[in-house]
Amino acid sequence: MFITLTTDLKMQSHGVGMMEAIIAEIAPQARVIHYMHGIADYDTTSAARLLETVRFIMPAIHVCVCDPGVGTARRPLAILTHRGDIVIGPDNGALHPAVAALGGTAELRQISNPAVMRHPVSAVFHGRDVFCPTAAHLAHGLSFQLVGEPVHPAILVPAPYTDATPEEGRWMARVIHVDKFGNTHLNISKTSGARSPHQPGAWSTWCSREVDTCPLPTTHLRACQARHARDPV
Amino acid sequence: MFITLTTDLKMQSHGVGMMEAIIAEIAPQARVIHYMHGIADYDTTSAARLLETVRFIMPAIHVCVCDPGVGTARRPLAILTHRGDIVIGPDNGALHPAVAALGGTAELRQISNPAVMRHPVSAVFHGRDVFCPTAAHLAHGLSFQLVGEPVHPAILVPAPYTDATPEEGRWMARVIHVDKFGNTHLNISKTSGARSPHQPGAWSTWCSREVDTCPLPTTHLRACQARHARDPV
Amino acid sequence: MFITLTTDLKMQSHGVGMMEAIIAEIAPQARVIHYMHGIADYDTTSAARLLETVRFIMPAIHVCVCDPGVGTARRPLAILTHRGDIVIGPDNGALHPAVAALGGTAELRQISNPAVMRHPVSAVFHGRDVFCPTAAHLAHGLSFQLVGEPVHPAILVPAPYTDATPEEGRWMARVIHVDKFGNTHLNISKTSGARSPHQPGAWSTWCSREVDTCPLPTTHLRACQARHARDPV
């Protein structure tokens with residue numbers, strides 16, 4: 001069984017180290033994959049976008065800790081997806097795009113069973129004390145139903161972004177991530193029917209470097225229309 | 001058996017990669033946890049503070065390489081703690097707070113047995129050639145007594161910090177670490193009896209963001225007294 | 001079997017996470033060592049220099065993805081070395097110094113067998129879809145001959161640097177890497193016969209901090225001659 005970790009903790013920090021150690025103690029046979037660390041502090045939009053990409057790998061337990069609400073009453077969630085993944089993290093919207101990309105919600109529960117937590121539960125580090133222990137117990141064979149009571153999806157915090165839609169022949173898209181190479185990701189999905197100015201007929205969420213020259217941090221772009229007059233997107 | 005690595009090497013650098021590889025060759029069954037890398041160059045105070053936090057995880061072999069004296073005659077140490085951990089690194093004081101947090105020293109030895117080292121021993125990378133091979137041999141079953149001769153604790157370099165104590169009703173504390181989120185850690189331990197301005201009755205070494213607005217790198221603060229007149233710490 | 005990963009992807013990014021996950025799915029028993037990530041974008045000189053250092057560890061499969069030509073017709077390569085390592089990556093010269101350090105080429109092939117790739121093959125991420133799956137299949141027992149057809153070495157892109165040679169009693173050396181501590185690496189190998197100003201008789205590729213004070217990014221230095229008049233190198 002694989003457990004992936006996606007966090008806004010500092011890369012290769014002791015917080016990350018502790019999370020792996022807690023898992024290793026509970027479920028020594030589970031392989032921990034450090035999927036992404038060092039996301040900008042509390043940037044749930046980037047976290048959501050990056051977590052979405054786990055659809056490219058095999059089904060696993062995915063822990064996502066980008067948690068501006070840690071220590072408050074926000075819900076800790078565990079979501080079983082139709083693809084067979086389990087997505088774990090706080091209820092702040094960051095989990096939804098990944099869950100959708102993994103086939104949607106099959107079962108949704110709030111983590112409330114004290115037996116799946118590490119005690120005492122710190123007020124500031126639920127990654128170590130709630131989310132990773134839960135993932136480890138699940139990897140070690142715990143039944144999903146035992147993490148806590150069911151939650152109705154309608155009461156959850158909404159996703160930080162949804163798919164862009166065309167308006168009057170234009171796409172009003174939003175930058176949801178800029179990577180190390182300057183590639184800019186927009187919230188236009190492959191299934192939206194939009195055409196890419198670079199790969200006509202097959203728009204990709206990987207946008208071109210040209211977009212990157214737009215004045216960030218303006219995060220709403222007119223999707224290159226002016227620059228690609230022959231092939232408006 | 002678990003081996004944690006804490007270093008001031010660049011995060012995910014080839015130095016770190018070599019250290020894991022050397023361990024993997026000697027003790028393939030040992031799990032390496034990258035506990036913390038990328039500490040500021042030669043910053044033994046941060047290294048000591050971060051290493052202290054291994055008390056939150058299970059007993060393991062902890063290697064800490066923040067080594068301004070590499071290539072000089074400073075001692076390479078292996079310390080068996082009362083909790084059952086083994087702490088390994090150069091004698092520059094950085095190991096002491098962790099050893100104290102792990103129940104204190106049960107046995108202290110200097111690493112001097114050539115059989116536990118990788119040869120030729122580089123003048124600049126004892127992490128690869130001395131500390132990690134020693135950890136790997138211990139994880140693979142080597143008796144602790146075989147790493148080298150006993151050393152008297154009195155001759156070791158002292159810790160880079162000790163617990164703060166109150167003076168005339170004030171705490172003169174020192175900043176021993178600032179994390180990615182701006183949380184500032186002081187050398188006031190939970191057992192010191194100090195009260196936190198934010199969690200009265202239970203001071204934590206996690207200090208508030210307000211402290212963070214003090215002009216760093218001034219590392220001696222009057223611990224918020226002026227700002228929290230109702231609850232002097 | 002060990003697989004090392006060296007890339008210019010962001011450290012602990014989802015790209016790195018995906019690469020490990022793809023390997024873990026194909027070859028669960030292979031141990032992935034994150035040898036080096038976060039190399040400057042497309043900096044094949046640094047990549048080559050860093051990859052060279054795998055000669056200090058045990059024979060393994062080494063994947064190096066620093067790939068300015070991704071998506072173009074540049075060749076994906078797999079090189080079996082005389083030491084027994086397999087070096088995998090794009091044909092941009094970055095693999096050559098490592099291959100030379102590992103005893104030279106025993107067999108050279110282009111990765112072209114669709115069965116060793118992940119499909120659909122992305123235009124922008126051959127690390128995930130070509131290089132890592134190939135490494136994983138080899139670690140899982142695939143015969144080296146099955147990765148693709150042989151290639152003649154003469155048609156490969158040359159290395160980004162070669163060993164410096166003396167001219168009129170002087171060494172014209174090039175800085176090929178500067179590490180986190182300011183140590184500057186030159187393209188002068190131990191076997192070149194040059195003497196170090198600091199370790200007379202045994203020049204090391206680790207040059208002194210004094211070199212580091214030269215005005216970078218000038219990458220051709222007169223190798224300290226003026227400063228070390230008594231011991232010209």
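The dialogue below walks through strands, helices, salt bridges and a chain interface in a predicted model.

Me: How are residues and chains numbered or lettered here, and which pLDDT values are needed?

Reply: Residues are numbered from 1 along each chain as its sequence is written, while chains are lettered from A and ligands numbered from 1 in the order in which they are written. This is a predicted model, in which local features need pLDDT of at least 70 and side-chain atom pairs count only at pLDDT 80 or more, although totals for chains, interfaces and linings use all residues, and side-chain values use heavy atoms, with hydrogens and water left out.

Me: In what order do the strands of the open sheet in chain B stand?

Reply: Helices (H or I, at least four residues) and strands (E, at least two) are DSSP runs, numbered from the N terminus, and two strands pair if DSSP finds at least two bridges between them. In chain B, six strands form an open sheet in the order E2-E1-E3-E5-E4-E6, with mixed pairing. Strand E2 (31-36) and E6 of chain B stand at the edges with a single partner strand each, so one side of each has no neighbour in the sheet. Neighbouring strands of this sheet are turned by 20° against each other on average, direction ignored; axes here are lines fitted to C-alpha atoms, for helices over the stretch in contact, and angles run from 0 to 180 degrees between N-to-C directions.

Me: In which sense do strands E4 and E5 of chain B pair?

Reply: Strand E4 (residues 76-81) and strand E5 (residues 86-90) of chain B are antiparallel and pair over five bridges, and Ala78(B) has Ile88(B) in E5(B) as its bridge partner. A parallel case is found in chain A, where three bridges join strand E3 (residues 61-65) to strand E5 (residues 86-90), with His62(A) opposite Val87(A) in E5(A).

Me: Which strands do helices H1 and H4 of chain B lie across?

Reply: Contact means heavy atoms within 4.5 Å. Helix H1 (residues 14-26) of chain B lies across strand E1 (2-7), E2 and strand E3 (61-65) of that chain, at about 160° to E1(B), whereas H4(B) lies across E1, E3, E4 and E5 of chain B, at about 175° to E3(B). A helix can also lie across strands of another chain, as helix H1 (residues 14-26) of chain C does with E1 and E2 of chain A, running at about 150° to E2(A).

Me: What is a salt bridge, and how many are there over all chains?

Reply: Side chains of opposite charge can pair when their charged atoms come close. The rule asks for a side-chain nitrogen of Lys or Arg within 4 Å of a carboxyl oxygen of Asp or Glu, and by this rule there are 24 salt bridges over all chains. One of them joins Arg31(B) and Glu20(A), whose closest N and O atoms are 3.3 Å apart; this pair crosses between chains, from strand E2 of chain B to helix H1 (residues 14-26) of chain A.

Me: Are Arg31(B) and Glu20(A) buried or exposed?

Reply: Buried means under 20% relative accessible area, exposed over 50%, and partly exposed in between (1.4 Å probe, protein chains only). Arg31(B) has a relative accessible area of 16% and is therefore buried, and Glu20(A), at 9%, also counts as buried.

Me: Where is Arg118(B) found, and what is it in contact with?

Reply: Arg118(B) is in the loop between strand E6 (105-110) and helix H4 (126-139) of chain B, and at 19% relative accessibility it counts as buried. Leaving aside neighbours within four places in sequence, Arg118(B) is in contact with residues including Ile22(B), Pro133(B) and Phe56(C). A polar atom of the Arg118(B) side chain lies 3.0 Å from the backbone oxygen of Phe56(C). The side chains of Arg118(B) and Asp129(B) meet in a salt bridge (2.9 Å, N to O), and Asp129(B) is buried, with a relative accessible area of 0%.

Me: How many residues of chain A are in contact with chain B, and what area is buried between the two?

Reply: Buried area is the accessible area (1.4 Å probe) that two parts lose on being put together, summed over both. Here 25 residues of chain A are in contact with 19 residues of chain B, and the area buried between these chains is about 2,100 Å², of which carbon and sulfur atoms give 61%. Lys10(A), Gln12(A) and His14(A) supply 35% of the area that chain A buries against chain B, more than any other three residues. Two salt bridges are counted between chain A and chain B.

Technical notes
Polar contact = N/O pair within 3.5 Å; in protein donor to acceptor, adjacent residues only side chain to side chain.
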